[in-house]
2 protein chains.
Amino acid sequence: MPRPVLVQKFGGTSLGTPAGITRVGRRIAASQRAGYDVVVVVSAMGDSTDRLLTLASRVAKEPAARELDLLLSTGEGVSAPLVSMALHELGVPAVSLLGFQAGIQTDRRHAKARIVGLTPARIERELAAGRVVVVAGFQGIGDEMEVTTLGRGGSDTTAVAIAAALKARACEIFTDVRGIYTADPRFVPSARLLRRIAYPEMLELASAGARVMHPRAVEIAEAFSMELHVRSSFHAGPGTIICSEEAIMEDRNRVRGVAHEEHVARLSVVGVPDRPGIAAAIFAPLAEADIAADVIVQTASHEGVTDMSFTVSSADGPQAERILQGVARDIGARTVLSQNGLAKVSVVGSGIRGQPGVAATMFRALSERRINIEMISTSEVRITCIIDADRVKDAVAALHEAFKL
Amino acid sequence: MPRPVLVQKFGGTSLGTPAGITRVGRRIAASQRAGYDVVVVVSAMGDSTDRLLTLASRVAKEPAARELDLLLSTGEGVSAPLVSMALHELGVPAVSLLGFQAGIQTDRRHAKARIVGLTPARIERELAAGRVVVVAGFQGIGDEMEVTTLGRGGSDTTAVAIAAALKARACEIFTDVRGIYTADPRFVPSARLLRRIAYPEMLELASAGARVMHPRAVEIAEAFSMELHVRSSFHAGPGTIICSEEAIMEDRNRVRGVAHEEHVARLSVVGVPDRPGIAAAIFAPLAEADIAADVIVQTASHEGVTDMSFTVSSADGPQAERILQGVARDIGARTVLSQNGLAKVSVVGSGIRGQPGVAATMFRALSERRINIEMISTSEVRITCIIDADRVKDAVAALHEAFKL
């Protein structure tokens with residue numbers, strides 16, 4: 001009978017040094033001894049990605065995405081064989097595979113490719129031969145054998161996709177934190193580790209700034225009903241299981257966590273002639289420049305004109321403003337305003353659905369601390385407020401208290 | 001009409017820093033402006049291979065060759081896209097390709113793979129689109145998409161193989177010396193740069209310790225009659241052209257150069273029963289351990305026993321001795337002796353063929369300086385003497401003078 005498959009993903013901080021790699025090797029060896037066929041997905045070692053980006057910035061002002069993908073993919077090309085060697089040293093048969101060898105097929109959108117297929121034949125053959133398979137995360141192969149990378153958090157996505165393709169028993173994401181908390185423990189010392197969180201909640205938390213898991217990985221996990229187990233590389237402990245809402249018995253009707261994101265800028269296109277297609281005219285050029293507009297608010301039209309405001313990350317602010325100046329001219333808008341130094345704070349939980357009391361509690365908690373709300377946006381399971389960046393720590397603490405997390 | 005193809009290979013010292021990479025980029029750009037379709041082959045940056053080997057040694061005592069190949073191949077995976085980015089920055093369209101993308105097919109002998117085929121379709125397509133193609137040297141792809149490396153000097157081999165496959169007009173090997181000299185200029189200040197040298201001479205020089213070109217690259221060049229132009233990355237100057245003997249007008253009947261190699265050990269299996277198959281019994285186990293036996297001398301058989309002596313590189317000495325102890329027991333030889341601290345000194349030139357005077361001159365020159373000859377070996381175009389390592393500098397100078405180089 002085939003052994004159950006376990007996928008374990010290790011991030012860069014766990015793999016920062018040869019000693020760290022050996023420690024990871026011992027953990028993998030223990031999983032294999034426990035009776036699993038183990039597939040390991042690794043990120044690049046420690047700060048190696050930053051080092052490569054620095055090199056690139058010193059030969060070119062704006063390195064082409066295609067070449068950058070090739071360059072950055074070497075990070076995992078280093079860590080994967082090193083983990084395999086560490087396993088050999090522990091007497092564990094192992095083989096490392098780059099993305100193209102592991103059958104990770106993607107589209108050709110360099111720097112943010114999406115996995116479009118996975119041919120696990122080679123992985124399965126190696127597992128059947130009794131080997132631990134160490135896969136270089138974050139990378140794949142597109143048409144014409146072009147090397148691609150999956151963007152930030154891409155190794156999580158690799159792990160989940162492999163787990164889904166192999167119908168793994170479990171997919172463990174080892175990281176430098178102990179799991180998913182009700183809020184950032186650096187901001188809220190009383191923040192509580194969540195034992196379970198539902199996919200949509202995790203998605204909203206991740207999109208709202210909680211950096212533990214990449215949203216794309218959570219989406220794939222949900223699509224394949226693959227439970228994810230987020231745990232610490234450095235400490236024992238239960239961690240957090242990301243699963244379907246049905247699998248969560250406790251706390252069905254509550255706010256589950258508070259997320260935040262600093263470094264937010266707001267842009268407003270003022271005096272926009274209100275006619276069909278105007279939103280596309282504004283956002284398409286931004287999307288082309290790969291700038292994600294986040295919270296979007298359109299004011300009610302008044303005398304045929306409207307204002308369109310939205311947030312972007314601070315880093316994208318100047319470029320977005322430049323683009324919008326052109327757009328504003330083209331569509332006959334009055335002017336473009338921008339404001340930096342903002343932050344996003346969100347409450348997330350499936351309990352938000354259909355409970356207007358949650359929003360009221362959130363707004364009251366912020367107002368009691370005299371924190372001004374600049375913009376509001378909501379989804380089924382999330383309420384987000386844009387506030388002054390200076391107040392984000394206060395806001396997170398206030399909300400954590402107000403919702404008794 | 002298609003433009004002529006020029007292949008240019010750049011070694012690690014030229015690519016050691018971002019500034020060096022930009023400098024290489026300017027040289028390539030000039031070649032393209034001069035009317036060539038340019039294919040560039042690059043080695044890993046500066047000391048990056050050593051850095052990767054150190055990492056490997058810190059996670060495993062004897063890293064598996066397969067995993068080491070994957071690890072080391074990332075060195076060229078870094079330099080190739082950086083050179084491509086530097087070209088973009090100079091306004092030159094360029095694309096970098098890893099070994100598997102460039103169609104470099106090899107056998108599966110990890111760490112010393114041989115190129116068995118080359119499918120240049122992708123390279124040709126990129127050239128036709130007006131791009132400089134930057135190929136990661138030293139690496140290829142074997143069966144089952146296994147990444148392989150070609151061993152020391154492998155990037156030279158990549159360059160020559162591509163030049164042959166594309167029927168290039170020329171293949172330039174940029175290195176940190178000005179070309180091929182009549183002797184090591186650090187030993188013989190009056191050493192002269194050779195303008196031309198024949199393939200067999202270069203092969204013998206390379207095998208005899210001249211480290212500028214890898215023998216395998218010279219072999220392929222000869223097989224395809226591809227002239228190689230060895231030149232300095234750092235200085236202008238004519239360099240040395242490696243070509244057929246017919247193409248050399250000057251100095252047809254002379255010794256062309258003196259080569260040397262330090263760090264040589266001698267091993268002797270003493271009292272070997274002289275019967276067919278005995279040489280294979282001795283050398284097959286060494287070959288399996290990947291130890292190259294170099295100068296081999298078998299004494300005349302006396303009363304049914306013989307002595308077999310040969311040299312290996314000092315680094316391989318202890319392991320070779322261990323292996324031979326076992327072999328000696330098995331074949332009933334008397335004992336194994338080993339001696340370290342030796343060196344090889346050779347004179348090379350097609351003029352050696354059929355001219356016994358050359359050997360006599362060599363032996364006399366050494367004896368006049370009271371340098372003892374431990375072993376002698378000859379080929380069509382080379383005479384090698386094994387001597388004490390302490391005397392190698394004297395010996396090279398003496399031979400350089402005796403042959404009026």
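Two residues are said to be in contact here if their C-beta atoms, placed from the backbone, lie within 7 Å. The structure is a predicted model, in which local features need pLDDT of at least 70 and side-chain atom pairs count only at pLDDT 80 or more, while totals for chains, interfaces and linings use all residues. Residues are numbered from 1 along each chain as its sequence is written, and chains are lettered from A in the order in which they are written.

By that definition of contact, 29 residues of chain A are in contact with 29 residues of chain B. Helix H1 (18-33), helix H2 (48-59) and helix H3 (65-89) of chain A each supply at least two residues of the side that touches chain B, and H3(A) gives the most, with 13 residues; helices (H or I, at least four residues) and strands (E, at least two) are DSSP runs, numbered from the N terminus. The residues on this side of chain A divide into 18 nonpolar, seven polar and four charged, where Ala, Val, Leu, Ile, Met, Phe, Trp, Tyr, Cys and Pro count as nonpolar, Asp, Glu, Lys and Arg as charged, and the others, Gly among them, as polar. Because 100% of the interface residues of chain A are also interface residues in chain B, the copies meet through the same surface.

How are the two chains related? A rotation of 180° with 0.0 Å of shift along its axis superposes chain A on chain B, with an RMSD of 0.1 Å, and that is the relation of a two-fold axis; the superposition is by least squares on the C-alpha atoms of residues with pLDDT of at least 70 in both copies. Of the residues of chain A, A:Thr74 comes closest to the rotation axis, at 2.7 Å for its C-alpha.

Within chain A, an automatic or database domain assignment gives domain 1 (5-176) and domain 2 (258-402), whose C-alpha centres lie 35 Å apart.

Chain A also contains an open sheet of six strands in the order E14-E15-E13-E16-E18-E17, with antiparallel pairing, two strands being paired if DSSP finds at least two bridges between them. Its edge strands, E14 (296-298) and E17 (375-379) of chain A, each pair on one side only. Strand E16 (residues 335-348) and strand E18 (residues 382-388) of chain A pair in the antiparallel sense over seven bridges, and the bridge partner of A:Lys344 is A:Ile386 in E18(A).
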